[in-house]
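User: Could you walk me through some of the labels used for this structure? I'd like to see each value set against its cut-off.

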Amino acid sequence: MERSLETQVSQAVDAWLRWLPRWEPATHRGRVAPCRRCLGSPVLSAAGLGSDVPHGVQHGLSTRVKTIVDHAVAQYTSRNLPMLQAELDQQANRNRSRSYRPAEGLEPEFEGLPLDPDPVPGAPFLFTIGGLAEEADAVVPALPPLSEEAKAALRQEVRLADEYASMVGREVCTILLRHRLRIQAAVGQYVEPQIAAMLDELTRSLDAPFDGTDGLPGL
């Protein structure tokens, strides 16, 4: 029997809560480009995870919830949208034929994130994971072209799938509101103390920029 949306959301929040104690602040240089999945996400708003919460904490929850919506839309598509389903099946078969698929099988905390770090000016990469994936994709034959009539019909089915996704997304956000208190309590327990410790360390380093010496080194 298919689990209800309420059960799925509850289990997704439970899984995120089990992961959250393992979260640690990133020590590397932050990204310039925002995450398209998390920026302005109604899911994160419903969960009470605002812009003051680190992105790594947000991403793990938004990805888990997105999986629920994607699954519901996939079921709706398989039952009601035959042309879109056929197109998705062809694309899935094409993807499986690629020799290198680095974006598949990732944990929710990493799914949907860029495969490579931001480039550093003057220090080009010898190669990138994204570049290797593009090379593997280039050797796979493209999908057969569609007629204009088929394109119009496919656009109509895509619109219906988008409308269904929006409907499911709204329902999921309503369900998430019921979990806000325990989500925020977990952030207060596991995330905020680490952020406070980082700020304290930064304050100490600013108060003593020369490691306790009086004046500039060598003077």
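User: What makes the contact of Arg159 and Glu163 a salt bridge?

Analyst: A salt bridge needs a side-chain nitrogen of Lys or Arg within 4 Å of a carboxyl oxygen of Asp or Glu. Arg159 and Glu163 meet at 2.5 Å, N to O, so the pair qualifies under that cut-off. Both residues lie in helix α6, four residues apart, about one turn of the helix. This is a predicted model, where local features need pLDDT of at least 70 and side-chain atom pairs count only at pLDDT 80 or more, while totals for chains, interfaces and linings use all residues. Residues are numbered from 1 along each chain as its sequence is written, and side-chain values use heavy atoms, leaving out hydrogens and water.

User: Why is Arg159 called partly exposed?

Analyst: Buried means under 20% relative accessible area, exposed over 50%, and partly exposed in between (1.4 Å probe, protein chains only). Arg159 has 36% relative accessibility, so partly exposed is the label. Glu163, at 43%, is also partly exposed.

User: And why is Glu148 called exposed or buried?

Analyst: Glu148 has a relative accessible area of 53%, so Glu148 counts as exposed. Glu148 forms a salt bridge with Lys151, with the closest N and O atoms 3.6 Å apart. Lys151, at 34%, is partly exposed.

How values were computed: Helices (H or I, at least four residues) and strands (E, at least two) are DSSP runs, numbered from the N terminus.
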